[in-house]
Amino acid sequence: MTAPAGPGLDRDAARHVLRRTWHLLRPQRARLVLAAVVIFGWTATVVAGPALVRYGIDHGLSSKDAGALNLAVWAYVAVAVLSFLLSRWQILLVA
């Protein structure tokens, strides 16, 4: 089954191009996978920041629990440092 005729490639031609491209990337596959893992890790740290702030507010400030607030603050600092390091590594791998 092929896609309707138009300005782009049909499904078989696109599959062939992707197969050739994947073959040409063979020497760089490990680096490509590592870059993808670093990008996903960096994204996770960016998403974790606001979640930690919410946790600190909900469990630390609202409940007046200093331990939960301290945990949220230290986790946020650790995530921020990890985010910075992954961001630098991401730039080196992707560039």
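Predicted model: local features only at pLDDT ≥ 70, side-chain atom pairs only at ≥ 80, totals over all residues.

Trainee: Which side chains meet in the salt bridge?

Mentor: Those of aspartate 12 and arginine 15, with an N to O distance of 3.9 Å.

Trainee: How many residues apart are aspartate 12 and arginine 15 in helix α1?

Mentor: They are three residues apart in helix α1, which spans residues 11-24, so about one helical turn separates them.

Trainee: And how accessible is aspartate 12?

Mentor: Aspartate 12 has a relative accessibility of 44% and therefore counts as partly exposed. Arginine 15 is likewise partly exposed, because its relative accessibility is 44%.

Trainee: Changing topic: where is threonine 45 found?

Mentor: Threonine 45 lies in helix α2, which runs over residues 29-61.

Trainee: Is threonine 45 buried or exposed?

Mentor: Threonine 45 is buried: its relative accessible area is 9%, and the cut-off for buried is under 20%.

Trainee: What does the side chain of threonine 45 reach at 2.6 Å?

Mentor: It reaches the backbone oxygen of tryptophan 42.

Trainee: With which side chain does threonine 45 make a polar contact at 3.4 Å?

Mentor: With the side chain of serine 83.

Trainee: Leaving aside neighbours within four places in sequence, which residues are in contact with threonine 45?

Mentor: On that basis, threonine 45 touches Val79, Leu82, Ser83 and Leu86.

Key. Residues numbered from 1 in each chain as written. Heavy atoms only, no water. Helix = DSSP H or I, 4+ residues; strand = E, 2+ residues; numbered from the N terminus. Buried < 20%, exposed > 50% of the residue type's maximum accessible area, 1.4 Å probe, protein only. Polar contact = N/O pair within 3.5 Å; in protein donor to acceptor, adjacent residues only side chain to side chain. Contact = heavy atoms within 4.5 Å. Salt bridge = Lys/Arg side-chain N within 4 Å of Asp/Glu carboxyl O.
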